[in-house]
Amino acid sequence: MRIAYFINQYPAVSHTFIRREIRAMEALGVTVFRFALYTGDNLVDDEDKAEASKTRLILSAGIGEIIRCCMIVLATRPLALVSAIREALIMGRRSDRGILRHIAYAVEACVLATWCREAAVQHIHAHFGTNPAAIAMLASRLSNIPYSFTAHGSEEFLKAPLLSLDRKLKHAKLAICVSSFGRSQLMRWSSSNRWNKIEVVHCGLDRAYFDRATKPVPSTPKIVCVGRLDENKAQILLVRAASLMREQGVNCEIVLVGDGPMRRSIEEAIAAADMQNTIKILGWASGDRVASEIEAARALVLPSLSENMPVVIMEALALGRPVISTYIAGIPELVQDGKTGWLVPASDEMALANAMSEAILAPVEQLTAMGEMGRRHILKNHDAFVEAKKLKTLLERTVES
């Protein structure tokens with residue numbers, strides 16, 4: 001089977017789950033073509049750099065190639081082009097991004113459609129229900145190649161009407177969600193007669209995580225947080241929670257792995273709380289470095305306000321570390337409160353501080369048992385190879401139908 005993967009930005013630091021899925025699909029004998037609009041910045045992982053060399057970028061194709069592809073579509077499928085432009089106008093009128101942006105999507109879809117036809121692609125699969133799904137849907141119209149998409153959230157579900165998520169599902173052969181919560185949200189924004197198109201295929205980890213021997217939980221009072229520094233991940237709450245812990249007489253080191261638009265605000269909050277020696281921002285790191293930072297901590301903390309199913313929680317549990325996170329979205333599908341970690345109400349600084357204090361003060365034996373239970377759960381439900389087999393079976397049906 002020959003499949004085109006289309007992503008807005010690939011490879012990217014935060015898209016390792018897509019890389020793992022693609023690699024697993026290839027291990028299953030699927031020929032995968034990687035297409036994206038552009039490559040992410042700050043690639044620090046050698047595997048991401050290798051993926052970059054395999055990815056064809058539409059926005060780097062050059063005006064000559066873009067014109068060539070548009071002319072081919074115009075000459076070979078003029079009625080399909082009219083239909084695609086009409087669909088772009090419908091989505092554009094509903095969108096907060098406007099009609100011109102959606103006309104640009106139609107142009108990009110001409111390139112994607114042409115490249116897919118020239119590569120004899122049998123199916124187009126987009127990751128994210130935002131503009132990748134829009135471009136893939138239009139490319140499907142232009143090429144007559146079936147398409148599907150994976151909706152990750154939380155943006156897709158927060159802006160579902162503006163993103164025309166219902167129309168994308170209508171024209172798709174299949175829609176994948178990475179959690180039961182995600183499936184419920186896509187069902188919420190679509191007609192019940194299309195619910196049969198929606199399947200759950202979890203994001204997964206590759207065998208390296210499961211083959212890696214777990215390291216003993218350290219006695220050092222250290223907690224790690226991994227993720228983009230933004231409003232949704234809410235790392236700034238960690239600063240406030242750490243301050244409350246200090247008032248309670250509990251001190252620990254907190255390492256933030258990641259970068260993003262909230263970095264300056266977080267740094268200012270750290271300085272205002274006089275916690276420069278307690279909370280450190282590492283910046284983006286390679287996969288190996290992230291794993292090492294998790295192993296050096298007693299627990300992972302992720303105080304998210306908006307999520308779907310964070311892959312870093314899977315990574316921490318697979319490495320035998322309990323997780324402190326919030327009662328939102330798909331997180332309770334990963335973390336069992338009191339068994340594999342702690343779940344607290346989102347935005348509750350005191351509850352977060354109390355959970356972090358428990359993790360710091362808990363006996364190593366308790367944390368080890370929690371980590372082992374979490375590891376078993378991830379091994380059973382989030383093996384990238386097993387999940388890719390499910391996806392491959394689903395995509396094969398769309399090609400055969």
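**Close-up views of a predicted model**

**View 1. The side chains of K159 and D96 form a salt bridge, 3.9 Å from N to O.** The bridge connects distant parts of the chain, 63 residues apart. K159 sits in the loop between α7 (155-158) and α8 (165-171). D96 sits in the loop between α4 (78-94) and α5 (98-118). K159 is partly exposed, at 33% relative accessible area. A salt bridge here is a side-chain nitrogen of Lys or Arg within 4 Å of a carboxyl oxygen of Asp or Glu. Buried means under 20% relative accessible area, exposed over 50%, and partly exposed in between (1.4 Å probe, protein chains only). Helices (H or I, at least four residues) and strands (E, at least two) are DSSP runs, numbered from the N terminus. This is a predicted model: local features need pLDDT of at least 70, side-chain atom pairs count only at pLDDT 80 or more, and totals for chains, interfaces and linings use all residues. Residues are numbered from 1 along each chain as its sequence is written, and side-chain values use heavy atoms, leaving out hydrogens and water.

**View 2. R56 and E65 meet through their side chains in a salt bridge of 3.7 Å, N to O.** R56 is partly exposed, at 39% relative accessibility. E65 is buried, at 17%.

**View 3. R263 and D259 are joined by a salt bridge of 2.9 Å, N to O.** R263 counts as partly exposed at 24% relative accessibility, and D259 does at 23%. Elsewhere, salt bridges with shared partners tie R19, R23, E26, R34, E47, D48, E51 and K54 into one network. The count of salt bridges is 30.

**View 4. Seven strands make an open parallel sheet, ordered β3-β2-β1-β4-β5-β6-β7.** Strands pair if DSSP finds at least two bridges between them. β3 (55-57) and β7 (198-200) are the edge strands, each pairing on one side only. Neighbouring strands are turned by 25° against each other on average, direction ignored. Four bridges join β1 (residues 2-9) to β4 (residues 123-127). Y5 stands opposite H125 in β4.

**View 5. Helix α6 (residues 131-143) is largely enclosed by the rest of the structure, because twelve of its 13 residues are buried.** Among the buried residues are N131, P132, M137 and L142. N144 follows α6 and has a positive phi, near 65°.

Terms used. Axes are lines fitted to C-alpha atoms, for helices over the stretch in contact, and angles run from 0 to 180 degrees between N-to-C directions.
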